[in-house]
Amino acid sequence: MKNRIMKGFIEEIRDKGMKFSMDDLAKRLGISKRTLYEHFSSKVEILETIIQQSFDEGDEKTQQILADNSLSLIDKIKGVMMVLPTHYEFYDLRILEQMKRYYPEQYAQVEASLSEDWQTLRVLLEQAIREGLIVNMDVTLMLKVIVDALNSTLDQRFYMKNQITVSEALSAIVDVLLFGLVLADKR
């Protein structure tokens, strides 16, 4: 039931933004408000649970990639860059802007978690530079370019309008960042 409530919560946000009531959510799910409150004490608790679950599962996926000895260092870099939050549809510019306005504490959690996540990528990039696998340039600048490019997936309306899934977009962005636009045999 908790997962169903969280899914309904995300659907409400996508349809109405952050300004909906627990009544709206209960109606969407076809359950009573009492049932909602048996599982979550408030909208804030649902929001915090979604945020925490997203980042916990993202961290777990990242750790699985790092622990996979069959992957090359470049494959690990690519894998870490492509980890999508579990509820990635929740991470949309419009929704994040509303969260910043109406739920600043929870928005701060999202921002903090997003910045912490890039530390793992930094370590992998530094290792790849040391091993001569990627160009030797300022890692902070490299991360800025990567993060900005990957964050373009937060503009989900652009991707929906152009019939590109977020995971397809993420894969293409990562390929361009890692391998460039020029075909290998044309370099």
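Arg28 is partly exposed, with a relative accessible area of 30%. Its side chain meets that of Glu11 in a salt bridge, 3.5 Å from N to O. This is a predicted model. The count of salt bridges in it comes to 11.

- Glu11 sits in helix H1 (residues 2-16) and Arg28 in helix H2 (residues 22-29), so their pairing ties together parts 17 residues apart in sequence.
- Glu11 is partly exposed, at 29% relative accessibility.
- Lys16 and Glu12 also form a salt bridge, at 3.1 Å from N to O.
- These two residues, Lys16 and Glu12, are four residues apart in helix H1, which means about one helical turn separates them.
- An α-helix has 3.6 residues a turn, so residues three or four places apart point the same way.
- Lys16 is partly exposed at 44% relative accessibility, whereas Glu12 is buried at 2%.

- Asp148 and Lys144 pair through a salt bridge of 2.7 Å, N to O.
- Both lie in helix H8, four residues apart, or about one turn of the helix.
- Asp148 counts as partly exposed, with 42% relative accessibility.
- Elsewhere, salt bridges with shared partners link Lys7, Glu11, Glu12, Asp15, Lys16, Asp24 and Arg28 into one network.

**Helix H6**

- Helix H6 spans residues 93-102, and its buried residues are Ile95, Leu96, Gln98 and Met99.
- They lie on the same side of H6 because they cover an arc of only 160 degrees around the axis.
- Asp92 caps the N-terminal end of H6.
- In that cap, a side-chain oxygen of Asp92 lies 3.1 Å from the backbone nitrogen of Arg94.

**Nonpolar surface patch**

- Val135, Met137, Leu141 and Val145 make up a nonpolar patch on the surface.
- Together they have about 340 Å² of accessible area.
- Val135 belongs to the loop between helix H7 (104-130) and helix H8 (139-151).
- Val135 counts as exposed because its relative accessible area is 57%, and the cut-off is over 50%.

**Annotated span**

- An unreviewed UniProt entry carries the annotation "DNA-binding region" for residues 21-40.
- In the model, residues 21-40 are 75% helix and 0% strand.
- The end C-alpha atoms of this span lie 13 Å apart.

Conventions: Residues numbered from 1 in each chain as written. Predicted model: local features only at pLDDT ≥ 70, side-chain atom pairs only at ≥ 80, totals over all residues. Heavy atoms only, no water. Patch = residues over 30% accessible without salt bridge, like charges linked within 9 Å, V, L, I, M, F, W, Y side chains within 5 Å. Areas by Shrake-Rupley, 256 points an atom, 1.4 Å probe, with all protein chains shown as cover. Salt bridge = Lys/Arg side-chain N within 4 Å of Asp/Glu carboxyl O. Buried < 20%, exposed > 50% of the residue type's maximum accessible area, 1.4 Å probe, protein only. Arc of directions from axis to C-beta. Polar contact = N/O pair within 3.5 Å; in protein donor to acceptor, adjacent residues only side chain to side chain. UniProt positions renumbered as here; feature names shortened; annotations may be inferred.
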